[in-house]
Amino acid sequence: MLGAKLKKRIYNEFNLKKQAEELGLKVWQTPSFLFIVMGFVIVVAIAGVYFISNNYDSPDILVISESVVVSILFIIGNFIISSVDQVARANKMKTEFISIASHQLKTPIAEINWQIELLLSKFPGGLSEKQQLLIGQIAHSSQKMARLVGDLLDVAHIDQGKLALNKEQINLCDIINEAVMNQRPLASAAEIELKYLGSAVPLEVLVDRRRIVVVLDNLISNAIKYTGEKGRVEILLEKKDELVQVCIRDNGVGIPRNEQTDIFKKFFRSNNKMKNNTEGTGLGLYIAKNIIEQSGGKLWFQSIENTGSEFFFSLPLAKA
Ligand code: ADP
């Protein structure tokens, strides 16, 4: 297991073409390539200095050869710093672009949704069945767009370290109840048994209510989406010392072992058999993990392919 991970890491480290594509640089500009060249130059330099000091008595030659080596290392070091600088700047620009673009898209999408609602509420009798169906489809697509834009905005805020949390002390049982209610229609449509085993006593946490509902919506809807028809999804809540732990368990398709390390990466969607039958962006878990960590908690999972998955998160209990 460890051996396979190490092999994959070494392979990725030396796959310069892939690295260059990922970073948007030329192969010779990638930090790994420059480090290899630098290592090579150091080895040659040590051997050269050893050779010169053994064969020439002149200190001038030694000083000149050392100066040449130091200059080469300086130039390579400069390349490494400027390529890292270039990547950091490009990354910052990309995040700013996503943030501005999604901000600008939010208002027109909200307007479309609002006008569709107005149209349906003002003229319900005046629209034919076909027209109502078409408008329903437009509404569905525009709500999907609104969700995507909202997710992109959250991702940009996370990457800029600006995800604001309006924390308040609330009973986690109430938030889970709300999230389970939100997901009931999805579960019923897929004939999935959705079970919530709550706590008899209130479990108070200091969190942003809206954001924790987003986390629960993501985890519960994933459990439903990635569980075939007539499956089972359970939500369990437990107090553990100073923490409260939530588990969302399903008996669905699971996550292949070799993809488990990538699951919290932005835009990553596992190659399981549900990929093509389900809608998704690969942003939900990235956002959920960041919200939980910013709330002082942890989010993790265990999964077995074709058996099911368990996603857990824990949050510190609020001080009485
Ligand atoms: P998506 O929008 O694709 O659902 P997420 O970030 O929520 O994005 O999840 C990333 C990927 O993790 C999913 O595409 C899916 O392959 C996998 N995944 C998440 N939750 C589960 C689950 N409960 N069972 C199986 N696979 C899951």
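This is a predicted model: local features need pLDDT of at least 70, side-chain atom pairs count only at pLDDT 80 or more; totals for chains, interfaces and linings use all residues.
Two packed helices are described by the angle between their axes and the distance between the axes. Here the pair is α5, covering residues 129-159, and α8, covering residues 284-294; they pack at about 45° with their axes 10 Å apart. That angle makes α5 oblique to α8. As for handedness, α5 passes α8 in a left-handed crossing.

Who does the touching? On the α5 side, the contact is made by Asp151, Asp154, Val155, Ile158 and Asp159. Helix α8 brings Tyr286, Ile287 and Asn290 to the contact. Sorted by class, the contact of α5 with α8 has four nonpolar residues, three charged ones and one polar one.

Now for the serines, side by side:

| Residue | Element | Relative accessibility |
|---|---|---|
| Ser99 | helix α4 (residues 59-122) | 10% |
| Ser309 | strand β7 (residues 308-316) | 5% |

Buried means under 20% relative accessible area. Ser99 has 10% relative accessibility, so this serine counts as buried. Ser309, at 5%, therefore counts as buried too.

What surrounds them? Setting aside neighbours within four places in sequence, Ser99 is in contact with Leu153, Ala156 and Gln160.

Over in strand β7, Ser309 touches Ile248, Arg249, Asp250, Gly254, Ile255, Gln302 and Ser303, again not counting residues up to four places away in sequence.

Key: Residues are numbered from 1 along each chain as its sequence is written. Side-chain values use heavy atoms; hydrogens and water are left out. Axes are lines fitted to C-alpha atoms, for helices over the stretch in contact, and angles run from 0 to 180 degrees between N-to-C directions. Helices (H or I, at least four residues) and strands (E, at least two) are DSSP runs, numbered from the N terminus. Angles under 35 degrees count as roughly parallel, over 145 as roughly antiparallel, 65 to 115 as roughly perpendicular and the rest as oblique. A crossing is left-handed if the near helix is turned anticlockwise from the far one by less than a right angle, and right-handed if clockwise. Contact means heavy atoms within 4.5 Å. Ala, Val, Leu, Ile, Met, Phe, Trp, Tyr, Cys and Pro count as nonpolar, Asp, Glu, Lys and Arg as charged, and the others, Gly among them, as polar. Buried means under 20% relative accessible area, exposed over 50%, partly exposed in between (1.4 Å probe, protein chains only).
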